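This report describes selected features of one protein model. The sequence and structure are shown first, and the description follows.

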Amino acid sequence: MKVEIDSNSGFCFGVVTAINKAEDELHDKGQLYCLGDIVHNAREVERLQEKGLKTITHKDLDSLKNVKVLLRAHGEPPHTYETAKNNNIEIIDATCPVVLQLQRRIKKTYDEGVAAEKAGGRKPLIVIYGKNGHAEVNGLVGQTNGEAVVIQDKEGIDALDLSRDIILYSQTTKSLEGFREIVEEIGKRKKEGKFEYYDTICRQVANRMNKMKEFAGSHDVIFFVSGAKSSNGKVLFEMCKEVNPHTYLISDESQLDLSLVEGAESVGVCGATSTPLWLMEKIASLIKEKS
């Protein structure tokens, strides 16, 4: 039986950078706080916790003082930095450069809108195509003093005030297809005012989708490895399952059901941008050993 790991799966460069920064600090000091799970994969979080990484919440941050805290790749809203400054917390900022650039663009758009309003005009409505409550989206909305509107799909357009000028951005890990559908739908419905949209989807993530479809279609059985908290993982898994109905979602090797590969000539192992390569390698090795 052929067992192959998808070369396009696994950590994106933003996650790699965050983990490298955490490991460097843990190697030197043996302890580090991280605001939220460093990556949406329980096994990788456990691995780093064993090295001394302590995951904290925003509520914990309010009471911490004189420590180091790592900000993960998802990014944070401005008030997180303000809290850190007030509490003498040293920030190790691992915000993904793509996310950071998007935060700055949204902040500039918002500030320009505020200036226009002061001059007697009307602020445009900033809309973000993304998952409500997602860490990255929280950071983006934070750039607008909480005024941006988040829509998760076309249905969300119903709640928009289409009489206002609209400026649309996207969470970096959303699908290109979904973004295009929203652009098309707003364009159809909008009868007055301006509509500007900016494709701010990370191409490292977007480009792996087509490659993963090819991978899923080239094997008899697919094991998609992803943590339960990964929204990117849910999207990619469903995409693989559309291509190959014999696609199974597992979080780690404990969920591996080898009866599913009986009679298969080739098995593929792939995963989300938050899935560590070492975990996919472990699962691939178990399939080879026991089949």
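## Aromatic pairs

Tyr248 is partly exposed, with a relative accessible area of 24%; buried means under 20%, exposed over 50% and partly exposed in between, with a 1.4 Å probe and protein chains only. The model is predicted, and local features need pLDDT of at least 70, side-chain atom pairs count only at pLDDT 80 or more, and totals for chains, interfaces and linings use all residues. Residues are numbered from 1 along each chain as its sequence is written, and side-chain values use heavy atoms, with hydrogens and water left out.

The ring of Tyr248 pairs with that of Phe223: the centres are 6.1 Å apart and the planes stand at 40°, so the pair is tilted. Rings of Phe, Tyr and Trp (its six-membered ring) pair if their centres lie within 6.5 Å; planes under 30 degrees apart count as stacked, over 60 as edge-to-face and the rest as tilted. Phe223 lies in strand β10 (residues 221-225) and Tyr248 in strand β11 (residues 247-250), 25 residues apart. Phe223 is buried, at 0% relative accessibility. Helices (H or I, at least four residues) and strands (E, at least two) are DSSP runs, numbered from the N terminus.

The count of aromatic pairs comes to 5. Among them is the tilted pair of Phe195 and Tyr197, at 5.4 Å centre to centre and 40° between the planes. Phe195 is partly exposed at 21%, and Tyr197 is partly exposed at 44%.

## The parallel sheet

Strand β2 (residues 32-35) pairs with strand β4 (residues 68-71) over 3 bridges in the parallel sense. Leu35 has Leu71 in β4 as its bridge partner.

## Leu48 in helix α2

Leu48 is located in helix α2 (residues 42-49) and counts as buried, at 0% relative accessibility. Leaving aside residues up to four places away in sequence, Leu48 touches Ile19, Glu23, Leu26, Ile38 and Leu53, where contact means heavy atoms within 4.5 Å.

Terms used: Two strands pair if DSSP finds at least two bridges between them.
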